[in-house]
Amino acid sequence: MDVDTRLLRYFAAVAAEGSLTGAAQRLFVSQPALTKQIRRLEDDLGVRLFARSRSGMALTDAGRELAARVPALLDGWDEAVQATGRAARVLRLGFLDAGAVGAVHEAIAEFQQVQPQWRVDLRQFDWSDPSAGVARGEVDAAVVRLPVLGQEGLNVRELFVEERGVLLPARHPLANNGTVEFRELWDEPFVAAPVDTGTWREHWLAAEEREGHPVRVGAVTSRPDEWLAAVAAGCVALAPASTARFYSHPNVVFRPVRGVSPSRVGLARPKGRTHKGALDELLKAIERRLSRH
């Protein structure tokens, strides 16, 4: 039987927290999405892993057996992935958008002058995984926009802060303004990331900066091309300032926004894994370059 390691990581979080609410906050996913994944794991295994009650999620006998073994299973898998990369002399670096990675290509070139035997593979992820693969062990490290999925299990170092603005349809009444007040956007239909991205989705809707005003979601997307198309069709979207340099659409304009917090860009890597000298050297080069942003 094949089981997705992501399901095991979700199970381990619920087992440790004793509740879906606490685990969802720890994983930066929505509670309904986490509930669905736990049920999927139980269906795959053909057993109930938790006894659900108002007081929380208690492990069943089967759940306790699995909980005792999952940490070693995940550590073994993570070490196997790392060992494979070391043998091939490949470092995998995830990212979400061109604006966040900035001078990463220069950092990679600097690293490879010193370590020519190593190859660096850049892998772009869509917004369904705000951790850009690092939380699931698909990459060795990632340049991310905070908050990041599974942040408690990662070492995260903030690199720079970038102002957020808004993408508007070119025909929108505010498109001719030099700067837009965030309050003017509260009733607009916003483009949102998928629900199971949790806190990351809320950040890009600025849900906590609306003084209790409800968010109106007009479209849900996970890719830049879908994002721009949704804005061109009539939605609006908060976006980092670098969007204006790296993404364009003939029917979409970018405008600075007052009254909303900035985007924070960080460098994330897993905790508690074997340190690779080559990876440390690469991340130091990236940090030097991006911290000058």
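Reader: How many residues of strand 5 are buried?

Author: Burial is read residue by residue, with under 20% relative accessible area as the cut-off. In this predicted model, six of the six residues of strand 5 (residues 141-146) are buried, so the strand is largely enclosed by the rest of the structure. The burial extends to both faces: Ala-141, Val-143 and Arg-145 are buried on one side, and Ala-142, Val-144 and Leu-146 on the other.

Reader: Which strands pair with strand 5, and in which sense, parallel or antiparallel?

Author: Pairing is read from the bridges between strands and from their relative direction. Strand 3 (residues 90-95) runs parallel to strand 5 and is joined to it by three bridges; in this pairing Leu-93 stands opposite Ala-141. Strand 13 (residues 263-270) pairs with strand 5 in the antiparallel sense, over five bridges.

Reader: What is the order of the strands in the open sheet, and which stand at the edges?

Author: Four strands here form an open sheet, in the order 8-12-7-11, with mixed pairing. Strand 8 (180-181) and strand 11 are the edge strands; each has a single partner strand, so one side of each is left without a neighbour in the sheet. Strand 7 (residues 164-169) and strand 11 run antiparallel and are joined by four bridges, and Val-166 stands opposite Leu-238 in strand 11.

Reader: How many aromatic pairs does the structure hold, and how is such a pair described?

Author: A pair of aromatic rings is described by the distance of the centres and the angle of the planes. The structure holds five aromatic pairs. One of them, Phe-11 with Phe-50, is tilted, at 5.4 Å centre to centre and 50° between the planes. Phe-11 belongs to helix 1 (residues 5-17) and Phe-50 to strand 1 (residues 50-53), so this pair ties together parts that are 39 residues apart in sequence. Both Phe-11 and Phe-50 are buried. Phe-182 and Trp-186 form an edge-to-face pair, with 6.3 Å between the centres and 80° between the planes; these two residues are buried as well.

Reader: Which arginine residues lie over the face of an aromatic ring?

Author: Such a contact is read from the position of the charged group relative to the ring centre. Arg-164 lies over the face of Trp-204, at 5.2 Å from the ring centre. Arg-210 lies over the face of Phe-190, at 4.6 Å from the ring centre.

Reader: What is the volume of the largest cavity, and which residues lie nearest its centre?

Author: A cavity is read through its volume and its lining. A search of the whole structure finds one cavity of 30 Å³ or more, and the largest cavity has a volume of about 230 Å³. Its lining comprises 19 residues, of which Trp-127, Trp-200, Trp-204, Trp-227 and Leu-238 lie nearest the centre. Two or more lining residues come from each of strand 9 (190-192), helix 7 (199-205), strand 11 (237-240) and helix 9 (243-246). Strand 11 gives the most, with three residues.

Reader: What is the make-up of this lining by class?

Author: The lining of the largest cavity has 13 nonpolar, four polar and two charged residues.

Key: Residues are numbered from 1 along each chain as its sequence is written. This is a predicted model: local features need pLDDT of at least 70, side-chain atom pairs count only at pLDDT 80 or more; totals for chains, interfaces and linings use all residues. Side-chain values use heavy atoms; hydrogens and water are left out. Buried means under 20% relative accessible area, exposed over 50%, partly exposed in between (1.4 Å probe, protein chains only). Two strands pair if DSSP finds at least two bridges between them. Rings of Phe, Tyr and Trp (its six-membered ring) pair if their centres lie within 6.5 Å; planes under 30 degrees apart count as stacked, over 60 as edge-to-face and the rest as tilted. A charge sits over a ring if NZ of Lys or CZ of Arg is within 6 Å of the ring centre and within 35 degrees of the ring normal. On a 1 Å grid over the protein atoms alone, a cavity is a set of points where a 1.4 Å probe fits but cannot get out, and a pocket is an open set with protein on both sides within 12 Å along at least five of seven lines; lining residues have an atom within 4 Å of a point. Grid points are joined across faces, edges and corners, and a volume is the space filled by probe spheres set on the points. Ala, Val, Leu, Ile, Met, Phe, Trp, Tyr, Cys and Pro count as nonpolar, Asp, Glu, Lys and Arg as charged, and the others, Gly among them, as polar.
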